[in-house]
Amino acid sequence: MVLVYIDHQDNQIKKSTLEAVTYGVALAKQLGTEAHALLLGSVNDDLAALGAYELKNVYQINDAALAHFDAQVFVKTIAAAATKVGATTLLFSHNQTGKAVCAGVSALLKAGLVTGAIELPKTDAGFVVKKTVFSGKAFANVSIQTAIKIISLSPNSFHTTSGAAATASITPLDIPVSAGHVKITAVNKTSGEISLTEADIVVSGGRGLKGPENWGILLDLAKELGAATACSRPVGDAHWRPHHEHVGQTGVQVAPNLYIAIGISGAIQHLAGVNRSKTIVVINKDPEAPFFKAADYGIVGDAFEVLPKLTDAIKKMKASA
Amino acid sequence: MKILVCISKTPDTTAKIAFADGGKKFEEAGVQWIINPYDEWYSLVRAIELKEKDPTTIIHLVTVGGADAEPIIRKALALGGDEAIRINTDSSDSFYIAAQIAAVAATEKYDIIFTGKETIDYNGASIGGMVAALVDAPYISLATSFLFEGSTATITREIEGGEEVVTVNSPVVVSCQKGVAEQRIPNMRGIMAARTKPLKVLEPAAAEHLTSIESFELPAPKAGVKLVSPDNVEELVRLLHDEAKAI
Ligand SMILES: Cc1cc2nc3c(=O)[nH]c(=O)nc-3n(C[C@H](O)[C@H](O)[C@H](O)COP(=O)(O)OP(=O)(O)OC[C@H]3O[C@@H](n4cnc5c(N)ncnc54)[C@H](O)[C@@H]3O)c2cc1C
């Protein structure tokens, strides 16, 4: 059985989890087995509706001790549940929660782990998973040799497909949950922002924008496109933008449908974090900027002139569509 | 207090990524090696800061790697730390490496085990979580700040769409990222001192390899950029809509 871990935030299932569900269902078909899911705690979403993704069943462990996240407790609970239901492949999203738990589950079950998978595994001979390495500069095909396998799926790598006329069953699962040692004392959400790793479109600014006071034209474009915003490392280091927006080899790695780079030179460490984007647009006044070599479309021009025009043109296109 | 800092050797961020043996092996020729930036800039420096605050703190560094990892571990010792342990084996399997670190942790009682949030070569982001599970300690991933008082750590960690602050008593395993500390440059005194700091070489503990890398690939090169005039941004919008189907 393929078992997909359902991550949730504020009692809502995240897009990255739905990607993992879609991936899990496809993998189950490939292996000739069933896809089930595992939920720790509860959500407001209608779990039965996950049947639209062709998910068979959701195992739910609803224990008061799971209301607050504690990686140690979650790891033990997930490992015990996987053993109890006889899971042979476990799937996580490679998001913050996945990164906190999948490795621990791997160690407890002695189940080989590949993190950051970007495709379905090749299972004709063995079990080989493709993942990004060198922070996006290359890929590795990793073979898992153990009977139980664990994969965490890189966000935005696998499109969700739903629409099946089916409902998923919900099966309560009784697993003793141990007491945790971690106390959460505060939560600070950057509310209203589109999550950078899940965004379809990312608009990103570099040192070429000269200062934080000039970000308005970039934010206007992002708003028009419904895009998340990002920045190069020096921009984060100088606190022109919050550091969680810093993308690249030592920042966040993103793979949106569209990445628009404005006033960013395209240093190798920056490219590493963004080069899996499907389409890359570069706006830079220097025709020799290395970023143009990694781009699909480019405008050689001054961002301060190009951005307002571009935002306008998109507005017009949307109005006429 | 005793801190274990996990150190990994990675290619420099500007290293040319190429593969040998028909894609089976990373091409090491001409590659400069560095301490994995997350290990160096954040975990190691934070451990050093804690020792500066409380000089009775003992810092051990551990690396799992062959003799070629010694310049890296010496460089880490030049920044700080009291002694280093090298487990004399090489592997790309996270579980095997974590089992080696857990074996070290089992013999010494560490209050804090620091790792970087991931290495910049294999991007596993797994060692901390595995070590924590193997030694049955709490695990705090993706820390952006780390404070320690008495025997209680107060840690800010990244969550989806924000951050949360947690408290936990030691022992604890923590993976560090930006925010935990600021990068430092080793000075001459540190470099001299590092030469005489103990570096223990241990043979690996028995552990299984759960995965292996079959091959590497490079991304397909881009077809080439289509340039649009800055006076004709409508054309870019049209291309993004009709051709790339991106908006
Ligand atoms: C170990 C290490 C790790 C690193 N990790 C990262 C990382 O994760 N992410 C990252 O981004 N960087 C990283 N860097 C830094 C990286 O090497 C570059 O220094 C950085 O990406 C450059 O940022 P930038 O493109 O914003 O600035 P610059 O390189 O200064 O480029 C600014 C660009 O703006 C253009 N420009 C100027 N004015 C205008 C205008 N009016 N209109 C349009 N264009 C204009 C210029 O032509 C130029 O190309 C790392 C470096 C090291 C050593």
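1. Chain B exposes about 10300 Å², of which carbon and sulfur atoms supply 52%, the areas coming from the Shrake-Rupley method with a 1.4 Å probe and, for residues, with only the protein chains shown as cover.

2. This is a predicted model, in which local features need pLDDT of at least 70 and side-chain atom pairs count only at pLDDT 80 or more, whereas totals for chains, interfaces and linings use all residues. Residues are numbered from 1 along each chain as its sequence is written, chains are lettered from A and ligands numbered from 1 in the order in which they are written, and side-chain values use heavy atoms, with hydrogens and water left out.

3. Chain B holds 6 helices and 15 strands, taken as DSSP runs (H or I of at least four residues for helices, E of at least two for strands) and numbered from the N terminus. Its C-alpha trace spans about 65 × 45 × 40 Å along the principal axes.

4. Of the 247 residues of chain B, 56% count as buried, that is, under 20% relative accessible area with a 1.4 Å probe, protein chains only.

5. Thr89(B) sits in the loop between β7 (83–87) and α3 (94–107), and is buried at a relative accessible area of 14%. Beyond its neighbours within four places in sequence, its contacts (heavy atoms within 4.5 Å) include Val64(B), Gly65(B), Gln100(B) and Pro204(B).

6. The side chains of Thr89(B) and Tyr96(B) make a polar contact at 3.3 Å, meaning a pair of N or O atoms within 3.5 Å, one able to donate a hydrogen and the other to accept it within protein, with residues adjacent in sequence counting only if both atoms are side-chain atoms.

Technical notes:
Buried means under 20% relative accessible area, exposed over 50%, partly exposed in between (1.4 Å probe, protein chains only).
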